[in-house]
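The tour below moves from one selection to the next.

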Amino acid sequence: MKIKFRVPATTANLGPGFDVFGAALTLYNEFSAEFVPNAKKTKFILSGHGKESIPKGKDNLLWKAMSETFNLLGETKYNLKNLNIEISTKIPLNGGLGSSATAIVGGISLANKLCKNKLNKSQIAELAIKIEGHPDNVVPAIFGGLCACAKNKEALRTTTINLPLPKLKVILCVPSFEIRTNHSRQIIPKNIPLQDVVFNISRVALLTAAFCSNDYSLLKEAMQDKIHQPYRGKMIPAMNKVLEKALNSGAYGGFLSGSGSTLAAFCSKENSENVKKNMLECWKTENVIAKGFILDFDKAGATRI
Ligand code: HSE
């Protein structure tokens, strides 16, 4: 029997909430696995965005997550030879939209189902965070919605909470160039000046208040950041110009999605087409071709389909 899951894209950080805030969006990758007892060779079937660059063997991230799950659960029946794996991607790769997180969450979900659902959602989240390293993409990919995540002091456990879902559209402008998360993390200084930390703490407080009170007029100020965007922005031509354009076109707030290169904005349904068009045009004046999406927040997270 073929088991199939769909896992949502995510946008992380939301400006000041570096490694803390993440939201699931209505754009999905799909993953399936089928146990074929006497097969001699795994069949990897890939379709969709970036399929040429997705490894087909033991280096495949979906497989790595499946394999970690089997190890954790002491399951030895399944291996790379007796599983047919299908991956269908709609989420741009390396764009800061959690495509790696979808593979990790998809792999754990598939393996867990093959092992008769021994892990509950919180255990799936702990394993996914362990594999991914930071929680803000994987947690919303599992639970859906808009999540705040806090690792404990030893980084062994993560407390997560779902905030009320904003009644907003999410605009994504995904440029044709990609940024690797590893590189994008390395360029952030290890030590951040105290006044910049205070700046971000105050914005995270405002952002939480904005979501809890549905007061979106706070978002422009609340989505400012001094911890990662100023450093990552050096790799993204016209980042500030495009975000400024989004605000001038009626968006409530704009930010770098995850580690980039996608730029994102929150706005009303009425303003969404205009904000998208103007952000894309602004990037075009900088000779960058970008693809635009108008999405909603996904409520369900990883789902068996
Ligand atoms: N919080 C992470 C970062 C998200 O900004 O590096 C990317 O996975």
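With which residue does Lys-241 form a salt bridge? Select Lys-241 together with Glu-286 in this predicted model: the two form a salt bridge whose closest N and O atoms are 2.5 Å apart. Lys-241 lies in helix α9 (residues 239-248), while Glu-286 sits in the loop between α10 (269-285) and β10 (290-295), so the pair ties together parts that are 45 residues apart in sequence. With a surface displayed, Lys-241 counts as partly exposed at 45% relative accessibility, and Glu-286 is likewise partly exposed, at 28%.

Next, select Glu-221 and Arg-203, which form a salt bridge with 2.5 Å between the closest N and O atoms. Here two helices are involved, Glu-221 belonging to α7 (residues 219-222) and Arg-203 to α6 (residues 194-213), so that the contact ties together parts 18 residues apart in sequence. Glu-221 is partly exposed at 39% relative accessibility, whereas Arg-203, at 15%, counts as buried.

Then move to Lys-4 and Glu-30, whose side chains meet in a salt bridge at 3.4 Å, N to O. Strand β1 (residues 2-12) holds Lys-4 and strand β2 (residues 21-35) holds Glu-30, so this pair ties together parts that are 26 residues apart in sequence. Lys-4 is partly exposed, with a relative accessible area of 31%, and Glu-30 is partly exposed as well, with 23%.

Conventions. Residues numbered from 1 in each chain as written. Predicted model: local features only at pLDDT ≥ 70, side-chain atom pairs only at ≥ 80, totals over all residues. Heavy atoms only, no water. Salt bridge = Lys/Arg side-chain N within 4 Å of Asp/Glu carboxyl O. Helix = DSSP H or I, 4+ residues; strand = E, 2+ residues; numbered from the N terminus. Buried < 20%, exposed > 50% of the residue type's maximum accessible area, 1.4 Å probe, protein only.
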